[in-house]
Amino acid sequence: MSTASIQLAAPSGLLSLGLFLVAVALVTLLAGSLWLGCRIRAREQLPRPEEQPQLPPGGAVHEVREFREPAEIPKVDKTGHALTPYELAHSATRPSASQERPRWVEGGSGSFGSGGLGPH
């Protein structure tokens with residue numbers, strides 16, 4: 001082996017110094033951005049009480065439970081054009097005529113078809 005290849009393979013102090021300076025610059029940049037963010041946040045004014053969100057006049061809004069069924073989509077005849085989503089009703093569902101909760105059908109299939117023999 002020649003001395004030139006040994007010198008190339010030896011760790012360079014200049015490379016270590018360069019990596020150290022990059023790390024110091026990165027830490028300085030992060031600390032400076034944290035300091036600037038804290039200064040900006042300290043200058044912001046808190047919203048006044050009249051700017052805070054208010055309850056609606058009727059009080060708090062509560063959950064409404066209702067059972068819905070799909071709305072009918074009109075059939076298109078052979079001479080008509082296909083309906084776009086914008087031409088359909090505003091809602092794809094409507095309130096169900098029966099608001100009674102659907103129950104388990106005895107003898108029916110369970111989850112993923114694992115309910116047994118089915119109706120007899």
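Q: What makes the link between arginine 68 and glutamate 66 a salt bridge?
A: In this predicted model, the closest N and O atoms of arginine 68 and glutamate 66 are 2.6 Å apart. A salt bridge needs a side-chain nitrogen of Lys or Arg within 4 Å of a carboxyl oxygen of Asp or Glu. The distance of 2.6 Å is within 4 Å, so the pair is called a salt bridge. In general, side chains of opposite charge can pair when their charged atoms come close.

Q: Why are arginine 68 and glutamate 66 called partly exposed?
A: Arginine 68 has a relative accessible area of 40%, and glutamate 66 has 38%. Buried means under 20% and exposed means over 50%, with partly exposed in between. Both values lie in between, so both residues are partly exposed.

Q: Which residues do salt bridges with shared partners join into one network?
A: The network consists of Arg48, Glu50 and Glu51. One of its links is the salt bridge between arginine 48 and glutamate 51, at 3.0 Å from N to O. That distance is within 4 Å, so the pair meets the rule.

Q: Are arginine 48 and glutamate 51 buried, partly exposed or exposed?
A: Arginine 48 has a relative accessible area of 45% and glutamate 51 has 46%.

Q: Why do arginine 65 and glutamate 63 get the label they have for accessibility?
A: Arginine 65 has a relative accessible area of 75%, and glutamate 63 has 65%. Exposed means over 50%, so both residues are exposed.

Q: Why is serine 96 called buried?
A: Serine 96 has a relative accessibility of 17%. Buried means under 20%, so serine 96 counts as buried. Serine 96 is found in the segment after strand 2 (93-95). Not counting residues up to four places away in sequence, serine 96 touches Phe67, Arg68 and Glu69.

Q: What makes the approach of serine 96 to serine 98 a polar contact?
A: A polar atom of the side chain of serine 96 lies 3.1 Å from the backbone oxygen of serine 98. The cut-off for such a contact is 3.5 Å, so 3.1 Å falls within the limit.

Q: Why is alanine 97 called exposed?
A: Alanine 97 has a relative accessible area of 82%. The label needs over 50%, so alanine 97 is exposed. Alanine 97, too, is found in the segment after strand 2. Alanine 97 and arginine 68 are 29 residues apart in sequence, while their C-alpha atoms are 8.5 Å apart in space.

Q: Where is alanine 71 found, and is it buried, partly exposed or exposed?
A: Alanine 71 is in the loop between strand 1 (68-70) and strand 2. Its relative accessibility of 24% is between 20% and 50%, so alanine 71 counts as partly exposed. Alanine 71 and proline 95 are 24 residues apart in sequence and 9.0 Å apart in space, C-alpha to C-alpha.

Q: How do you know that helix 2 has the span expected of a helix?
A: Helix 2 has 31 residues and reaches 45 Å from its first C-alpha to its last. At 1.5 Å a residue, the expected span is 45 Å, and the helix comes close to that value.

Q: Why is helix 2 said to lie largely in the open?
A: The number of buried residues among its 31 is 0, so helix 2 lies largely in the open. One of its residues is leucine 17, which counts as partly exposed at 45% relative accessibility.

Q: What makes a nonpolar patch on the surface here?
A: Leu14, Leu17, Phe20, Leu21 and Val24 form the patch, with about 520 Å² of accessible area together. Members of a patch need over 30% relative accessible area. Leucine 17, at 45%, is over that cut-off, so it can be included.

Q: How many helices and strands does the protein have, and in what pattern?
A: There are 2 helices and 2 strands, following the pattern α-α-β-β along the sequence. Of the 120 residues, 2% count as buried.

Terms used:
Residues numbered from 1 in each chain as written. Predicted model: local features only at pLDDT ≥ 70, side-chain atom pairs only at ≥ 80, totals over all residues. Heavy atoms only, no water. Patch = residues over 30% accessible without salt bridge, like charges linked within 9 Å, V, L, I, M, F, W, Y side chains within 5 Å. Areas by Shrake-Rupley, 256 points an atom, 1.4 Å probe, with all protein chains shown as cover. Helix = DSSP H or I, 4+ residues; strand = E, 2+ residues; numbered from the N terminus. Buried < 20%, exposed > 50% of the residue type's maximum accessible area, 1.4 Å probe, protein only. Expected span 1.5 Å × (residues − 1). Polar contact = N/O pair within 3.5 Å; in protein donor to acceptor, adjacent residues only side chain to side chain. Contact = heavy atoms within 4.5 Å.
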